[in-house]
Amino acid sequence: MAVLSMAGEAVAPVGLMGRPVYELRGVSKTFTRRNVQALDKVDLVLREGTFSSIIGPSGCGKSTLLKIMAGLLPPSSGSVVLEGKPVMGPRRDIGMMFQQATLFPWRTTIENIVLPIEIRDGKAAARTKHDQARQLLDLVGLRGFESVYPSELSGGMAQRAAICRMLITEPAVLLLDEPFSALDELSRDFMNMELQRICLERNATSCLVTHSIPEAVILSDVVYVMSSRPGRFVEAITVDLPRPRTLDMMSDPRFGALVHRIRSHLDKGAFQ
Amino acid sequence: MTQAQVVASAIPEQTIWKEHVSWIDRVPRWVSMLALLIGFLVVWQFVYILELISPIILPSPIETIEDLYVVGKNLLTGDYMLMALWITTQEVLLGFMIAVVLGFGLGTLVGETAFGEKAVMPYLVAINTMPKVAFAPLFVSWLGFGIASKVALAAFIAFFPVIVGTAAGLHAADQNARMLFKTMGASRWQTLVQLKLPIGMPHFFSGLKNAAVLVVVGAVVGEFLGGGKGFGELIRVAAAQLNTPRVFSLIIYLSLLGLAMFWAVAWAQRRFVFWHKESVTEETLAQ
């Protein structure tokens, strides 16, 4: 898992030259029961240590694409390959996060975090991961909350605990399905910066699905703009803002130009 | 200038005011409960004094309270009434256990498998719509006049809410939670044990609370229709002798058994579903 080695090594300029981690070729999806074509042929390569976003109007199939990548849904055609091995179901080198934190109220925070280990390797293995879970809680700023029940956590804290749960299995890639869209604007900006810090620190390969243009731009190296149904990529926009990004960059003219460019694509799609 | 000063001074320093709360909303719970009880007893006494209802069928509250004392003494001295209560308690406890085991098993079958939901559930619904008490004579002819036929009727009357509670609980996990378990590669068994059963506990317990009340109904009806030596039989005999104060006091003691069952379930719920806030408020209401 070189990907997750605590990055002292070259984190810096994330060129788009990294080793390909995720490779999608001609992935399409048709829901036969409803006879809906959700995805047209999609090609996508995620490179090591890069952050990519998929943005598009509601119902364009971006979440479907993420589920196919995660091995939660089979594609109707095409191939999905992660680290050289085809994705044929859920895999432990994939970490996933959803809009809802979904912590279980009968487990303490730390028990929630080690749940993926408990499911895969049993209770004993989960206990050995408690130290690592505490380190992760430190990483997301939740030190001291390990034995607290989720009902005592705020929405933002719960999402941070969910980040820890995603990271505990040391996944090679992070798939994020609008992870902070249920949070208020202020917490959301803050969490996005936290997410960037965590991804940079771990040199993680990440893919975010969102419908917030500024969020996509501030976080990503590449933003893939998706058309409405059937979803396909209209353009891949490289974001050349320097890392680490700050919220101040949102007032940068370059940022504005990128947002404008993406918005023009989405507007066109909306009125077709 | 002067105008501005006038405007400024026209604003009072403080505008504190009290929200009106009616006195009836401020009375403590125990006072309201006691007041209602006393009011009820007074009305009852008046009905008795004015002979609005024949005293043969409606005793006075004082007679009833006197008989409560007699029956209470009999129970405490371990006389025949205690034996009767013990028999009914056994029926209730055994009936409850059978209802829980059967209800949980069938509820899991219905809630977890497509076969259960599609094939078993319609039959269970059909059985539930039957007047279950009508099966009492059948249980007597199958299981005799002893305790077994009462246990069977008690379990039969009480098991359906447990099925519904269990099955509803197994459906309580939302899409997000299921998806999360899928991403973790959880097996069906793990998803059942680690996700669906715990998340369904509040539903399961509301089924148990219904069952705890119904199981007493089943046991007493079973005794009415199938004889035996339980508390229901004492009530039946007292009623046949037109000893209405006795009937009333026996019913009051019997209701303590129902309350004890309900409280036991509520206690278990608070103990095992500590994380569910609603169950805690329900619990405080029950006390």
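View 1. From the N terminus on, chain B runs α-α-α-α-α-α-α-α-α-α-α-α-α. That is 13 helices and zero strands. Helices (H or I, at least four residues) and strands (E, at least two) are DSSP runs, numbered from the N terminus. The model is predicted: local features need pLDDT of at least 70, side-chain atom pairs count only at pLDDT 80 or more, and totals for chains, interfaces and linings use all residues. Residues are numbered from 1 along each chain as its sequence is written, with chains lettered from A and ligands numbered from 1 in the order in which they are written.

View 2. Contacts are residue pairs whose C-beta atoms, placed from the backbone, lie within 7 Å. Of the contacts in chain B with a separation of 6 or more, 74% join residues 24 or more positions apart. Along the principal axes, the C-alpha atoms fill a box of roughly 100 × 70 × 35 Å.

**View 3. Where chain B touches chain A.** The contact takes 13 residues from chain B and 15 residues from chain A. On the chain B side, helix 9 (175-183) and helix 10 (188-226) each supply at least two residues. Helix 9 gives the most, with six residues. The chain B side divides into seven nonpolar, five polar and one charged. Ala, Val, Leu, Ile, Met, Phe, Trp, Tyr, Cys and Pro count as nonpolar, Asp, Glu, Lys and Arg as charged, and the others, Gly among them, as polar.

How values were computed: Two residues are in contact if their C-beta atoms, placed from the backbone, lie within 7 Å.
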